[in-house]
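This briefing covers one protein chain, from its overall make-up down to a few single residues. Please keep the sequence and the structure in view while reading.

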Amino acid sequence: MKKIFARNLTYLYTSIFCAGIQNIVTQMFFDRHYPEGKDTLMSIALFFGALFTMLGILASSPEVEGRSAHPYATKRSRSALVAAMVGTILLTFSGLFFVKSFLAYTILFSAASFCVNYIYNILDVFLTATVEEKHKTHSVRVLLGYQMSGYVIAPLFFSCFVDKPAICIGFTVIAGLLGYLPAGLEYVGRGLERSAVVKASGVDEASDQAEELSEVGIQGPATEMSGDAQTDGDMDLGIVSQDRLAMVYCFFTFMAFYVLMPSVAYLLKDYLGIENYAVQSSLFMAGVVVVSSLVIALGPAKKLWKARIATPVLSTVALLILMITRSSHPLVLAFAVIICGLGYGTFLSGGRSYVNEGEAERNLVNRYNKNMTIASLLAYLLAAGISFLCESGGVAVIPVKFCMIFAFLALAAAVSLFGTKRGNKQKIN
C-alpha cells in the first residue's frame, strides 16, 4: 500500500507544472510584460504549450502494431529516457522565471510541456497497467489526491514567490526529483511487457471476459475477434459507443475548464476589480480543489460517473453567480467556489475511475490523455482568436470568453444526457 503512495508522486509534480505555470506564472508574466495584449499572448503561449503537450503524448504512445507497450526495451535506454526528460524539465521549468520576452518564454514553456507529457504518458500507462486489480480503486484516489494537492500547492506558492527566482527554482528541482524518481526507478527496473495487454492472450479469454461483464449489465470489450466470436459484435459495439461518448463528454468538459482556469486571474482583476488578483485567484482555485478533493475522497467514483451531468450544471451555476452579481464579496466567491468544486470533483473522480477501470485493450488511459491534450489545444486556440478580436475591437474579453465556456458546458451536458439514455436502452435490450 505504501508503494502506491510513492509511485504516484509523478502525478503530483505534473499537476504542479500544469496548475502553477498554466494558471498563475503565465498570467503574471504577460500582465507584467505585455499588459495591453495579455489575453491574446497568454492564449498563444498556452496554445503552443498544448501543441507540444500533444506531440509529447503522441511521441510516447504505443500504437504501432507489434511494438512493445513502451519503445525502450533495455534498462539502459529507460534510464537514459528518465534522466534526459527529468533533467530537461527542470532546466526549462526553471528558465521561465528569468526570461522577459514572449518568444523565449513560449519556447521554454513548449519544451517543458513536451518533456513533462512525454514522460508522464509513459509512466501513467505503466503505473495504471501494473496496479493489481484489488488496489485499482485505491490507486485512483491516491493519484487524484496528488493531482488535487498540486493544484492547491502550485498556484499559492508561485503567486507568493514568482518574483523570487531562487526560491522557485529550488522548489522546482526538489519537487521534480521527488515527483519522478520513485515511478521512474520502478519503470527503469520493470518496464512494461506486451503480455499485459489482454489482446495478446487470445479470443477465448476475451470471450470469457465478455460473458463475465454481461452478467453485471456491461457490454463486452472492444477486442479484435475472428470466427464465431464475431457474432457477438453487437456487444462490443455497445461498449465502444459508450467509450466514445465518454471521451466526447470529457473533451467538451476539458475545453470548458481549459478556458476557465487560466482566465480566473483576469476575471478577478479586470471583471471583479480585485487588486491583489494573483493571491486571490490562487485562493479561488485552491478552494475549488479542496472541495473537489472532498468529493473525490467521500464520493463513490462509479456513482459520480453516472451523475456526470452535475459537472456542467453546477459549473454553469457557479460562473453565472460571478458574472451576474459582479461581486467580489468573500461570501459570494466562497459560494461560487463550493458549487464549482462539487462539479469539478464529480468530473475528475468519475472520469478517471471510468478510464482506469477499463480493460487494457480499450486503451482508455492513453485515449484520455490525448483527449485532454487535444481539448486544451483547441480551447487555447479559440481563446486566442476571441481575445485578439475583442482586444482589437475594444470589447471586454472576459464576458465573451465566458459565453464560450457556457457553450462547451452545454455541449458536455447534452452528450452526458445522450450517453445515459443510450446506456439505459442497451441494458433494457
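Helices here are DSSP runs of H or I with at least four residues, numbered from the N terminus. By that rule, Ala384 lies in helix α14, which covers residues 364–393. The model is a predicted one.

**Overall make-up**

- The protein has 15 helices and zero strands.
- Of its 429 residues, 56% count as buried.
- The protein exposes about 18300 Å², and carbon and sulfur atoms supply 66% of that area.
- Taking contacts between residues at least 6 apart in sequence, 82% join residues at least 24 apart.

**Ala384 and its partners**

- Ala384 counts as buried because its relative accessibility is 11%, and the cut-off for buried is under 20%.
- Leaving aside residues up to four places away in sequence, Ala384 touches Thr40, Ser43 and Ile44.
- Ala384 and Ser43 are 341 residues apart in sequence, yet their C-alpha atoms are 4.7 Å apart in space.

**Nonpolar core**

- The largest nonpolar core has 124 residues, and Ile21, Tyr105 and Phe158 have the most contacts inside it.
- Helix α9 (residues 233–271) supplies the largest share of this core, with 21 residues.
- Phe158 touches Ile16, Gly20, Ile24, Val25, Phe93, Phe97, Cys168 and Phe171, with residues up to four places away in sequence not counted.

**Nonpolar surface patch**

- Val173, Leu177, Leu181 and Leu185 make a nonpolar surface patch of about 330 Å².
- One of these residues, Leu181, is placed in helix α7, residues 165–190.
- Leu181 counts as partly exposed because its relative accessibility is 43%, and partly exposed residues fall between the buried limit of 20% and the exposed limit of 50%.

**A backbone angle to check**

- Arg326 lies in the loop between α12 (310–325) and α13 (330–356).
- The phi of Arg326 is near 50°, a positive value in a residue other than glycine.
- Most residues other than glycine have a negative phi.
- With a relative accessible area of 48%, Arg326 is partly exposed.

Technical notes
Residues are numbered from 1 along each chain as its sequence is written. This is a predicted model: local features need pLDDT of at least 70, side-chain atom pairs count only at pLDDT 80 or more; totals for chains, interfaces and linings use all residues. Side-chain values use heavy atoms; hydrogens and water are left out. A nonpolar core is a set of buried Ala, Val, Leu, Ile, Met, Phe, Trp, Tyr and Cys residues joined through side-chain atoms within 4.5 Å. Buried means under 20% relative accessible area, exposed over 50%, partly exposed in between (1.4 Å probe, protein chains only). Helices (H or I, at least four residues) and strands (E, at least two) are DSSP runs, numbered from the N terminus. Contact means heavy atoms within 4.5 Å. Patches are made of residues with over 30% relative accessible area and no salt bridge: like charges are joined within 9 Å, nonpolar side chains (Val, Leu, Ile, Met, Phe, Trp, Tyr) within 5 Å. Accessible areas come from the Shrake-Rupley method with a 1.4 Å probe; for residues, only the protein chains shown count as cover. A salt bridge is a side-chain nitrogen of Lys or Arg within 4 Å of a carboxyl oxygen of Asp or Glu.
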